[in-house]
Amino acid sequence: EVVVVAPVVAGAGFVLRGDADKAVSITGIEPASYLRLIALEAQMVAGTAEVGSADILIGTELGKNLGVGLGDKLILQTAGKASATLTVCGIFDFGNKGFNERSVYVALRTAQSLLNLPGGATSVELNVSKPFDAEIVAQSISAQTGLDVESWIVLNAQFFSALQAQSMSNFIIRFFVGLTAALGIASVLVVSLVQKSKEIGIIR
């Protein structure tokens with residue numbers, strides 16, 4: 001049931017531009033697999049999501065705060081003092097100010113080098129054919145491999161509970177609307193029957 005597998009390297013760092021610096025969350029990706037996992041291309045407002053080894057993707061808010069655009073260069077640095085000078089090849093907008101301000105994407109190998117994780121990944125992200133069966137698939141993978149596996153249902157338990165509560169409230173509202181309509185129709189029929197009881201008696 002697994003459709004896409006994408007290795008990811010994630011960590012914390014700083015983006016430097018002149019005297020300005022911003023703390024960011026670094027995500028290292030392989031575009032060939034990651035773009036099939038998440039519709040990143042659909043969120044691009046400028047440039048391309050095909051990030052190379054010397055490229056970086058930034059959010060709209062981070063670009064505004066640092067005064068940078070496509071083709072500009074930034075220094076990406078980690079807590080271990082590893083750094084790389086990268087060119088902005090794309091700007092994305094996920095509709096979330098915090099995410100647009102604090103998230104950057106770089107190539108997987110660039111992130112591995114910066115975060116001292118040669119040949120490794122901090123997580124492997126999967127896309128399944130039936131999203132609401134994600135927890136079942138996660139338990140199956142965990143049982144087979146012994147790895148720590150978390151589904152989006154567990155990671156977003158509050159959202160999933162809200163979704164279920166909304167479905168239940170919709171059902172209750174529809175039930176009472178249907179009940180009210182049924183009672184209204186029944187009362188009209190009863191009144192009509194009472195008014196015509198004499199005619200009905202004569203007909204009988």
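Leu76 touches Phe14, Val15, Val24, Ile26, Ile56, Ala82, Ser83, Ala84, Leu86, Val104, Val106 and Leu114, leaving aside residues up to four places away in sequence. A contact here means heavy atoms within 4.5 Å. This is a predicted model: local features need pLDDT of at least 70, side-chain atom pairs count only at pLDDT 80 or more, and totals for chains, interfaces and linings use all residues. Residues are numbered from 1 along each chain as its sequence is written, and side-chain values use heavy atoms, with hydrogens and water left out.

The largest nonpolar core has 20 residues. Such a core is a set of buried Ala, Val, Leu, Ile, Met, Phe, Trp, Tyr and Cys residues joined through side-chain atoms within 4.5 Å. Buried means under 20% relative accessible area, exposed means over 50%, and partly exposed lies in between (1.4 Å probe, protein chains only). Ile56, Ile58, Leu76 and Val104 touch the most other members of this core. Two or more residues come from each of β1 (2-17), β2 (20-29), β4 (55-59), α2 (60-66), β5 (73-78), β6 (83-92), β7 (103-107) and α4 (108-114). β6 gives the largest share, four residues.

Helices (H or I, at least four residues) and strands (E, at least two) are DSSP runs, numbered from the N terminus. Two strands pair if DSSP finds at least two bridges between them. How many of the five residues of β4 are buried? Four are, and the strand is mostly covered.

β4 pairs with β6 in the parallel sense, over five bridges. Asp55 has Thr87 in β6 as its bridge partner. β4 and β7 run antiparallel, joined by three bridges. Ile58 stands opposite Val104 in β7. Both Ile58 and Val104 are listed with the core residues that touch the most other members.

β1 and β2 pair in the antiparallel sense over nine bridges. Arg17 has Ala20 in β2 as its bridge partner. The hairpin of β1 and β2 has two residues between the strands. Gly18 takes a positive phi there, near 65 degrees.

β2 also pairs with β7, in the parallel sense and over five bridges. Ser25 stands opposite Ser103 in β7.

## Val68 in its loop

Val68 sits in the loop between α2 and β5. Is Val68 buried or exposed? Val68 is buried, with a relative accessible area of 9%. Val68 touches Arg17, Ile58, Gly63 and Leu74, again not counting residues up to four places away in sequence. Arg17 is the residue bridged to Ala20 in β2. Ile58 is the residue opposite Val104.

Gln158 is elsewhere. Val68 and Gln158 are 90 residues apart in sequence and 37 Å apart in space, C-alpha to C-alpha.

## Aromatic rings

A pair of aromatic rings is described by the distance of the centres and the angle of the planes. Rings of Phe, Tyr and Trp (its six-membered ring) pair if their centres lie within 6.5 Å; planes under 30 degrees apart count as stacked, over 60 as edge-to-face and the rest as tilted. A search of the whole structure finds seven aromatic pairs. Phe92 and Phe94 have ring centres 5.5 Å apart and planes at 70 degrees, so this pair is edge-to-face. Phe94 and Phe99 have ring centres 4.9 Å apart and planes at 70 degrees, so this pair is edge-to-face too.

Phe92 is buried, at 0% relative accessible area. Phe94 is partly exposed at 29%, and Phe99 is partly exposed at 30%. One aromatic cluster takes in Tyr34, Phe92, Phe94, Phe99 and Tyr105.

## Overall form

The protein has eight helices and eight strands. Why is the protein described as more spread out than a compact globule? Its radius of gyration is 28 Å, well over the 17 Å that the globule rule gives for 204 residues. The radius is taken over C-alpha atoms, and the rule is 2.2 Å times the number of residues to the power 0.38. Along the principal axes, the C-alpha atoms fill a box of roughly 100 × 45 × 25 Å.

Buried residues make up 30% of the 204. Among contacts with a separation of 6 or more, 64% join residues 24 or more positions apart. The protein exposes about 12700 Å², with carbon and sulfur atoms supplying 58% of it. Accessible areas come from the Shrake-Rupley method with a 1.4 Å probe; for residues, only the protein chains shown count as cover.
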